[in-house]
Each structure stands twice: as structure tokens, then as C-alpha cells.
Amino acid sequence: MLLLPLTLLALQATLCHGACVEVDSDTEAMASEGFKLGCISCKKRSEVPSVAVVNWFFKGSDEVDYSPLYTYENKQGEVLDPRFYERLDWNGSKQTLDLQDGSIYILNVTYNDTGTYVCTFERTLMYSNYEFQINTTKLIHLNVVPKLTRSMASILSEVMMYVSIIGLQLWLVVEMIYCYRKISVAGEEALRESEAEYLAVASESKDNCAGVQVAE
């Protein structure tokens, strides 16, 4: 009986569009490895059709002005900065003009990739009688290191997880001991009551027998 509802639920889930969640990009990359520069801009009115263009800009740590880095429009991307030729690829929304994920992926990260990246969404909402344009800008400060270091928040969250697990186990042990003692005490009381009832019945039977003998 449960198989049919679960099957229908699975089919419905496959037909639904994935929810859009704006997540900040990581900001620390390891040299000579690949790295994803995340840039997500969720559309507030999902029922309204739209078209979006994503542009990226880059400013090195020793530079003053931003340089065009990458553009993605009409399902086609183009690397604009020669320093990233053959090292940059699109990693965002695919097979759609309604872009919500404008992420890109850098291959073979170098120390020269350290700097500030700007991601812009130029989204046009197409209503029945007019069009409305919305621009969104996101900044990412990227630092390239020889080896990734864990953030203090990550370390604290892991420590808290282990503390919670240990605390839960200790609570379960204490609860088990408490329940065992409670059951043990209840059993002893029941045993005493049974023993008292047995002695009372035995005494009453003995008195009855004595009364019968006297009557004879």
C-alpha cells in the first residue's frame, strides 16, 4: 500500500524544478588545483519568464582597475582576459536563458589569481505588457594558498558535533541506569508484596485447618 504513494511522490519530485538557494562562494583556493567561483542570483518571481546575462570582472591584488574576465549570454561563454585563456570554464546554469547560477570554474589556480572578482547579473523580466530589468552584483575576495586551511567556524562546528554526540550518549547511559534501577525497585516491591500475600494465605490456611481439627 505504501509503494504507490512513494512512487507518485518520486515522480512528482522529478517533474518539479529545483529550488534556488543563494550560497556565498568559497574564498580560499589551493595553488595548482581547480576552484569554483560561485555566483548565484535567485529570481524572486519564478512564474515570470526572464533572460539573464552574466559578466565577470577581475582585479589582481596589485591592480587598481577591474578587467573584463568572462561573459555568458545566449548559452555561450567567452573568456575575455588573456591570463585565463584555456583555464576558465562555465559552471553555472545550462541549457537555459533564464540564468540563476553564474558560477565559473578556474583550472590550475596560480598565485596571480589572488584578487577581487565581481559577478554581475543583468536580468530582464518579461511581463505581458512590458519588460523590467534588474541588475545584481556580487564580490568575491579570493586568496590563493599552498594548502587549504580550515576556518575556525568549521573547527568549532565539528567540535560541537562531537560534544553533542558524547553528551547524548552519556544521557542515554544515565537514562538506562535510572530505568534499570526503577524497574529493579518495582520488582523488589512486587516480590515483597507477593511474599506477604503468600504468608498471609498460608497463615489463614493453617488457622482453618486447626479449626477443623478442633471441631472433630
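**Disulfides, burial and strands**

Phe 121 stands opposite Thr 136 in strand 9. This is a predicted model: local features need pLDDT of at least 70, side-chain atom pairs count only at pLDDT 80 or more, and totals for chains, interfaces and linings use all residues. Residues are numbered from 1 along each chain as its sequence is written, and side-chain values use heavy atoms, leaving out hydrogens and water.

Me: Why is Ser 41 called buried?
Reply: Buried means under 20% relative accessible area, exposed over 50%, partly exposed in between (1.4 Å probe, protein chains only). Ser 41 has 2% relative accessibility, so Ser 41 counts as buried.

Me: Why is Cys 20 called partly exposed?
Reply: The relative accessible area of Cys 20 is 32%. That value lies between the cut-offs of 20% and 50%, so Cys 20 is partly exposed.

Me: What makes Cys 42 count as buried?
Reply: Cys 42 has 11% relative accessibility, so Cys 42 counts as buried.

Me: How do you know that a disulfide joins Cys 20 to Cys 42?
Reply: A disulfide is a pair of cysteine sulfur atoms within 2.5 Å. For Cys 20 and Cys 42, S to S is 2.0 Å, so the pair meets that definition.

Me: What makes the disulfide of Cys 39 and Cys 119 left-handed?
Reply: The torsion about the S-S bond is about -85°, so this disulfide is left-handed. Cys 39 lies in the loop between strand 2 and strand 3, and Cys 119 in strand 8, 80 residues apart. Strands (E, at least two residues) are DSSP runs, numbered from the N terminus, as are helices (H or I, at least four).

Methods: Pairing = 2+ DSSP bridges.
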